[in-house]
Amino acid sequence: MSLNIVHAQQLVTVRGDAGARRGAALNELGIIPDGAVAVRDGLIQWVGPTDQLPDKNAHEFDATGKIVLPGFVDSHTHAVFARTRADEFEWRIQGMPYMEILARGGGILSSAKAIREAHELHVRYADRFLEHGTTTIEAKSGYGLNLDNEIRMLEAMRNEKRLEVVPTYLGAHALPPEFTERRGDFIDAVIRDLEVIAQRKLAEFCDVFVEPGVFTPDEARRIFAKAQSLGLRIKVHADEFQSYGGTALAVELGATSADHLGAISDADIQRLAQSDVIATLLPATLFTLGENRYAPARKLIDAGAAVALATDFNPGTSPTLNMQFVLSLACTQMKMTPAEAIVAATINGACAIRRQQRIGSIEVGKQADIAVYDVSDYREIPYFTAVNFCIATLKRGATLFPL
Ligand SMILES: [Zn+2]
């Protein structure tokens, strides 16, 4: 399969160092005006100005007046679920706080009930991700709350063939009500289940929701020690609503990412910035919850942290899968520049799932994961709020949108 994308008004390559981008490098998009990309056998074979394209013997996609970007890498989602939570959406509008919804058996527990009752599980809206320019997602289990259902969720991820899905085991997402008086027993069960998950190679990462009222840093440390001994890498739901030690734990254990960080302390910002842990920010969650505070992206970037952006797509607290909207929130609410937001949503997202050698930028030898936008300047992608300007998406060189 041969394809040349030609005459892109701006070919946004995000080329450069394969590692996570920090500081000034977060602003380097590697734009090629009137750019071209040659795709052969699913890989990027050549990148440069259209008038220097060496091999014109291929199907041609004329991107005149359009912007070409690497496919978004959405490195934090909960995209396997059985039903939406529109009921709870309304309760929240009427003033009920999230932790109270959780305490009433709503929230994660209501998603768990739906998973247990569903006959078949899927990565939800996989085609919609592709339609919005996202070519790879990370997805978490965590609505099963027991081994059988966690495995069903992880198998649903493995069965998704169009969108690339990186599976994370989130056995400790919420304490099932039957374990209220036996917290230690639940942690023991998660640790036992990890062995089965690892043996069956169902997950690459292990995550724990570290937050007051959910799991403590010490409980998480026990789970993560087991995960690391089994060869899984670590992600942490950290400091989402309160500063509680999740970020410090991520740094201590050499986690791949610490995610949320809505309430991160200044000391933890410094810790994170001096580590290799990716700071994954999820502004759509705080937007959905109607919060008027966001993770301190500017402080994190200025301190030297490697910031990534993701949707946190889930049926309760972030019902958006549109990374273009997340870029808008990053710019308007967290004061990231449009360039920083794009780098955070592509190569740094790839770093957050350890795929930076294969995806996250338009460079020779990488997978041809590419999206085309009907705008004339890359800044218009975050500038237009909540509008989808993606007109074509390629995954491994195959056009998956439009069909
Ligand atoms: Zn999450």
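Contact here means heavy atoms within 4.5 Å. The structure is a predicted model, in which local features need pLDDT of at least 70, side-chain atom pairs count only at pLDDT 80 or more, and totals for chains, interfaces and linings use all residues. Residues are numbered from 1 along each chain as its sequence is written, and side-chain values use heavy atoms, with hydrogens and water left out.

The chain contains 15 helices and 16 strands; helices (H or I, at least four residues) and strands (E, at least two) are DSSP runs numbered from the N terminus. Its radius of gyration is 20 Å, close to the 22 Å that the globule rule gives for 403 residues, so the chain is as compact as a globular protein of that length. The radius is taken over C-alpha atoms, and the rule is 2.2 Å times the number of residues to the power 0.38. Along the principal axes, the C-alpha atoms fill a box of roughly 70 × 45 × 45 Å. Of the contacts between residues at least 6 apart in sequence, 73% join residues at least 24 apart.

Buried residues account for 61% of the 403 residues, where buried means under 20% relative accessible area, exposed over 50%, and partly exposed in between (1.4 Å probe, protein chains only). The accessible surface of the chain is about 15200 Å², and 49% of this belongs to carbon and sulfur atoms.

Helix α13 spans residues 338-345 and includes E340. Seven of the eight residues of α13 are buried, namely A339, E340, A341, I342, V343, A344 and A345. E340 has a relative accessibility of 3%. Leaving aside residues up to four places away in sequence, E340 touches L26, N27, R298 and I301.

Ten aromatic pairs are present in the structure. Rings of Phe, Tyr and Trp (its six-membered ring) pair if their centres lie within 6.5 Å; planes under 30 degrees apart count as stacked, over 60 as edge-to-face and the rest as tilted. F81 and Y125 form a tilted pair, at 6.4 Å centre to centre and with 40 degrees between the planes. F81 lies in the loop between β6 (72-74) and α1 (86-93), and Y125 in the loop between α3 (108-117) and α4 (126-131), so this pair ties together parts that are 44 residues apart in sequence. F81 is buried, with a relative accessible area of 4%, whereas Y125 is partly exposed at 35%. The rings of F129 and F313 have centres 5.5 Å apart and planes at 85 degrees, so the pair is edge-to-face. F129 belongs to helix α4 and F313 to the loop between β13 (307-309) and α12 (323-334), which places the two residues 184 apart in the chain. Both F129 and F313 are buried. Together, F81, Y125, F129 and F313 form one aromatic cluster.

Several backbone features were also noted. L145, in the loop between β7 (134-140) and α5 (147-159), has a positive phi near 60 degrees and is not a glycine. L145 is buried, with a relative accessible area of 7%. L261, in the loop between β11 (257-260) and α9 (266-273), likewise has a positive phi, of about 65 degrees. The relative accessible area of L261 is 0%, and this residue is buried. The peptide bond from F401 to P402 is cis, with omega near -10 degrees; P402 lies in the segment after β16 (398-401).

How values were computed:
Accessible areas come from the Shrake-Rupley method with a 1.4 Å probe; for residues, only the protein chains shown count as cover.
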